[in-house]
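Please open the model in a viewer and keep the selection panel at hand.

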2 protein chains.
Amino acid sequence: MDLNVYLQERIEQIDAALDRWLPSAAILPGRLHQAMRYSVFAGGKRLRPILTIAASEAVGGHIGQVLHAACAMEMIHTYSLVHDDLPAMDDDNFRRGRPTNHREFDEATAILAGDALLTEAFRLLMDSEANQGIDPLRTIRVAETIARCAGSRGMVGGQVVDMESEGREVDFPILEYIHTHKTGALILASVQVGGWLSGASDDQMNALTRYAESAGLAFQIADDILDVVGDQSELGKDVGSDQARGKVTYPALLGLKESRKRADELHARAIASLELFGEAADPLRELARHMIDRNS
Amino acid sequence: MDLNVYLQERIEQIDAALDRWLPSAAILPGRLHQAMRYSVFAGGKRLRPILTIAASEAVGGHIGQVLHAACAMEMIHTYSLVHDDLPAMDDDNFRRGRPTNHREFDEATAILAGDALLTEAFRLLMDSEANQGIDPLRTIRVAETIARCAGSRGMVGGQVVDMESEGREVDFPILEYIHTHKTGALILASVQVGGWLSGASDDQMNALTRYAESAGLAFQIADDILDVVGDQSELGKDVGSDQARGKVTYPALLGLKESRKRADELHARAIASLELFGEAADPLRELARHMIDRNS
């Protein structure tokens, strides 16, 4: 398969769906809806929603069963970036080469746009039209998983520990907590949700979970490495910014060589866990490679 | 009935349930869970969860069917206060006589504690134990309603328009938009959810909706009036602070006398809409009076 063609197709489907489901800027309050859309349509790679769709495909499902959940994952991911960029948090002025939400609008609007994106994600997960043909118990389980992975014991928890660790000596267990929670939890939810909504068996769910845990951590290690060796123009943010902030990273704790080795091992584990799916998991295989083997 | 006894009992039940459902400060990250609990247990009047319970009682339901949803409403209300108090928003240092969340902790923690409370509310609405015996389609409808009322076309929308209106000439339709969205939407959801989870009929739902819309707006007008004539020590915040900020209020637009008249009319409408419930709606009746006839 050609991953670029696959990604391009999926991105177009996701963007069209996000455009349909996000309130238009013509609806009051226009500026709020504009701010929500500004960050959702800021050139994101749509990794999480694509993982949801690819996980569905691996178990024989189709995009129509999971597109709403895929879009909800992207809304949650986007809200987390908007709040993360705020002056009180990472205080970033640019993301992917464009002004961050609070720079383009203002701080209050960015806070509220993030709040509204998170809320809209859960509304969409409950949307009766989007859930047609889905067992209501599955709808509930999906939303519960996403909330758990996004909340204080998931993504938000990871952000807090990451923040608390800035400029402090951090050991390996804390570094792993940060990575598995701050980015890993949402990647895990994205994959699991795709499986559940397409009727995955317990065996299939176990395999998808192993895949997501390994690929998610590899992704984060690759991100740490990229911060040390990346090209600023491709990255769209400052190289070495993690280091400047005193953020703990894999290379800082294990060195660059050992970090790369760890990422490769996790990648191999992710691939191995997909065996039972055969060719249907080719998109997930290509995505795992893509997640650790990237420039930005 | 004795409203004070009723309120005291309900507050105890709600507080015990919130304590059970909120992650303990012993769970990592402790400081985040501490910050969430700090604002949830800050002496709130629990109006929204009590409305949920009272609406359930009006249609012959009981607290066990709605306690989780009642607590979710309180978590959402609390998150909105935490974010509202932030320096970029209302920049308040005190709430109910205690330092606001970002003053007691820090700004980043307050943003994330708010995010986590909102997320936890939806997790709780999906919690399988809390939803035992409830038709899954009802669970989904309840969460969809809450998300709609809390999001960009509900509460968050109201906050944005309120913020945009500060220091500007505002006409009556805008003032009504702010009131019906910023506070009205969540009060409406609290009442509707109590009815639905306890199996209300269409007629009962229509009556509850009329009640909530009238009582909710009366509550907000009373709040505006209180800001002009209230006693600072009972209020726990600065009297005249709306005026100082150039916020639009009912008294500013209609005068104090006409505002009081409007609140009384809405109160009468709220009471009238409860007729079909008989004595079972006594708590809702007392609450409507309580909502416009208060000192703080």
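The stops that follow lead from a whole chain to the contact between chains and then to single residues.

The model is predicted: local features need pLDDT of at least 70 and side-chain atom pairs count only at pLDDT 80 or more, whereas totals for chains, interfaces and linings use all residues. Residues are numbered from 1 along each chain as its sequence is written, and chains are lettered from A and ligands numbered from 1 in the order in which they are written.

**Stop 1: chain A as a whole**

Select chain A and display the cartoon. Its secondary structure comprises 15 helices and two strands; helices (H or I, at least four residues) and strands (E, at least two) are DSSP runs, numbered from the N terminus. The radius of gyration of chain A, 18 Å, is close to the 19 Å that the globule rule gives for 296 residues, so chain A is as compact as a globular protein of that length. That radius is taken over C-alpha atoms, and the rule is 2.2 Å times the number of residues to the power 0.38. The C-alpha trace of chain A spans about 50 × 50 × 35 Å along its principal axes.

Colour chain A by burial next: 54% of its 296 residues count as buried. A residue is buried if 20 or more other C-beta atoms lie within 10 Å of its own, exposed if 12 or fewer, and partly exposed in between, with C-beta atoms placed from the backbone.

**Stop 2: the two copies**

**Stop 3: the contact between the chains**

How many residues of chain A are in contact with chain B? There are 43 residues of chain A in contact with 43 residues of chain B, a contact being two C-beta atoms, placed from the backbone, within 7 Å. The elements of chain A that give two or more residues to this side are α2 (30–40), α6 (107–126), α7 (136–150) and α8 (155–165). The largest share, twelve residues, comes from α6(A).

**Stop 4: helix α8 of chain A**

Select α8(A), where nine of the eleven residues are buried. Among them are M155(A), V156(A) and D162(A). The buried residues of α8(A) pack against α4 (63–84), α7 and α9 (172–197) of chain A, together with α2 (30–40) and α6 (107–126) of chain B. After α8(A) comes G167(A), with a positive phi near 70°.

**Stop 5: backbone details**

Select L28(A) and P29(A), which are joined by a cis peptide bond with omega about -10°. P29(A) is placed in the loop between α1 (3–21) and α2 of chain A. In chain B, the peptide bond from L28(B) to P29(B) is cis as well, with omega near -10°.

Move on to R46(A), in the loop between α2 and α3 (47–58) of chain A. R46(A) is not a glycine, yet its phi is positive, about 60°. With 23 C-beta neighbours inside 10 Å, R46(A) counts as buried.

Finally, select R96(B), in the loop between β1 (94–95) and β2 (98–99) of chain B. R96(B) also has a positive phi, about 50°, although it is not a glycine. R96(B) is partly exposed, with 14 other C-beta atoms within 10 Å.
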